[in-house]
2 protein chains.
Amino acid sequence: MINYPNKKSKFTTNKINHSNRGMSFENIINETNEYYLVHDIAVIHKKPIPIQIVKVDYPSRSGAVIKEAYYKIPSTTDYNGIYKGRHIDFEAKETANKTSFPLSNIHLHQINHLESILNHGGISFLLIFFKAKDEIYLLETKYIVKYYKRSKTGRKSIKYEEIKEFGYLIKEGYSPRVDYLKVIDEIIKKG
Amino acid sequence: MINYPNKKSKFTTNKINHSNRGMSFENIINETNEYYLVHDIAVIHKKPIPIQIVKVDYPSRSGAVIKEAYYKIPSTTDYNGIYKGRHIDFEAKETANKTSFPLSNIHLHQINHLESILNHGGISFLLIFFKAKDEIYLLETKYIVKYYKRSKTGRKSIKYEEIKEFGYLIKEGYSPRVDYLKVIDEIIKKG
């Protein structure tokens, strides 16, 4: 039972007329997944937030009301599903940091989970939103693992330049908003 | 916001000395998945129960307490993950019925979801526990869809004999308890 990290911060930017302004990063990814689902491109869903339920009331036959519950640490990542027969698994994170992505943003067991998915033949990655730059990158698990290992003796974050070099910048569009499966196509092609 | 169906009924049997006695079907599947995870055989998790959170208190810095929340209808199935590079997706259901599995036990959108996973190259199915017979069957999505279609004009359930004929009986073991991946191996072999 923990204080659940705030994931609801806004997908904002200082630039004017930006399509994503005011919409949360999470919502934009959900909207993108909805687009994939409706167009039968992929079946990728956000997992519900894990909750420890302690007390439930039944004020009427029609409904139960949860009166006491606590956030739990998620044991896996937020998103998974299937695309072109491949298992897809990822976590989406945003940072206000301009120069790096702090590894404290992601739980160790989530990194382990992403690595495990990769080892079992799935495609796993992190979507990183740099709010200040208004840029979204897809970074494959192998790099997350690499930089996590480095953090044990060195810097506790992945430099923006490193993400720029090894990750994929995802251009925003109208529909879908964050077409990360285009990048997955490249990754599949590379084998 | 709905009254969440009772999934916690006990995995009980009238037979004596039965290994599963008193343990819920859900717990046995979770234990099996834990076995697969620990032995690095597969990465399959139960999704959290979807909850609509309405009110959260912050009585202290260390923790948030959810004071009002409601169960939501799940939009997908309970379990998914990866095994031998294949996307796995299933729902687990139990019934006290001795002669058939009532299709009312499973939401239409869950059937659609299972079919969608199948169409995208994944392996999807239902695990059905007949409590009175103390038998667990794995039934592939193609049969669920077939019998669902029949239910529109005919019987609203799948006969036990049909499940016995087209499904796979999963023998219970000590560890893992319900080794459904053995059946998945057969399904993969058949292509």
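This is a predicted model: local features need pLDDT of at least 70, side-chain atom pairs count only at pLDDT 80 or more; totals for chains, interfaces and linings use all residues.
**Entry 1: the end of the sheet in chain B**

**Entry 2**

Which order do its strands take? I read it as β1-β4-β5-β7-β8-β10, an open sheet of six strands with mixed pairing. Then I checked which strands sit at the edges, and they are β1 (43-46) and β10 (168-169) of chain B. Each of these edge strands pairs on one side only.

**Entry 3: helices on the sheet**

I then followed the helices that meet these strands. Helix α1 of chain B (residues 25-38) lies across β1, β5 (86-95) and β7 (123-130) of chain B. I wrote down its direction too: α1 runs at about 155 degrees to β1(B). As for α3(B), I saw that this helix packs on the sheet and touches β7 and β8 of chain B. The direction of α3(B) makes about 85 degrees with that of β8(B).

**Entry 4: α2 against α3 in chain B**

I stayed with α3(B), residues 141-151, and looked at how helix α2(B), residues 108-119, packs with it. The angle is about 135 degrees, and the axes are 9 Å apart. That angle makes α2(B) oblique to α3(B). I also looked up the handedness, and α2(B) passes α3(B) in a left-handed crossing.

Which residues meet here? On the α2(B) side I listed B:I111, B:L114, B:E115 and B:L118. On the α3(B) side I listed B:T141, B:I144, B:V145 and B:Y148. Sorting this contact by class gave me six nonpolar residues, one polar and one charged.

**Entry 5: the helix pair in chain A**

I turned to chain A and looked up α2 (residues 108-119) and α3 (residues 141-151) there. They pack at an angle of about 135 degrees, with 9 Å between their axes. So α2(A) and α3(A) are oblique to each other. Their crossing is left-handed.

In α2(A), I found A:I111, A:L114, A:E115 and A:L118 meeting A:T141, A:I144, A:V145 and A:Y148 of α3(A). The class count for this contact is six nonpolar, one polar and one charged.

**Entry 6: where the chains touch**

Now for the two chains together. How many residues does the contact take from each chain? I got 34 residues from chain A and 33 residues from chain B. On the chain A side, β1 (43-46), β3 (63-71), β4 (79-83) and α2 each supply at least two residues. β3(A) gives the most to that side, with nine residues. By class, I noted 17 nonpolar, 13 polar and four charged residues on the side of chain A that touches chain B.

I took a look at β3(A) itself, and it pairs with strand β3 of chain B (residues 63-71) in the antiparallel sense, over two bridges. In this pair of strands, A:A69 stands opposite B:I66 of β3(B).

**Entry 7: how the copies are related**

Last, I looked up what superposes chain A on chain B, and it is a rotation of 180 degrees with 0.0 Å of shift along its axis (RMSD 0.0 Å). The two copies are therefore related as by a two-fold rotation axis. I also noted that the same surface serves both copies, as 97% of the contact residues of chain A recur in chain B.

Definitions and conventions:
Residues are numbered from 1 along each chain as its sequence is written. Chains are lettered from A and ligands numbered from 1 in the order in which they are written. Axes are lines fitted to C-alpha atoms, for helices over the stretch in contact, and angles run from 0 to 180 degrees between N-to-C directions. Helices (H or I, at least four residues) and strands (E, at least two) are DSSP runs, numbered from the N terminus. Angles under 35 degrees count as roughly parallel, over 145 as roughly antiparallel, 65 to 115 as roughly perpendicular and the rest as oblique. A crossing is left-handed if the near helix is turned anticlockwise from the far one by less than a right angle, and right-handed if clockwise. Two residues are in contact if their C-beta atoms, placed from the backbone, lie within 7 Å. Ala, Val, Leu, Ile, Met, Phe, Trp, Tyr, Cys and Pro count as nonpolar, Asp, Glu, Lys and Arg as charged, and the others, Gly among them, as polar. Two strands pair if DSSP finds at least two bridges between them. Copies are superposed by least squares on the C-alpha atoms of residues with pLDDT of at least 70 in both.
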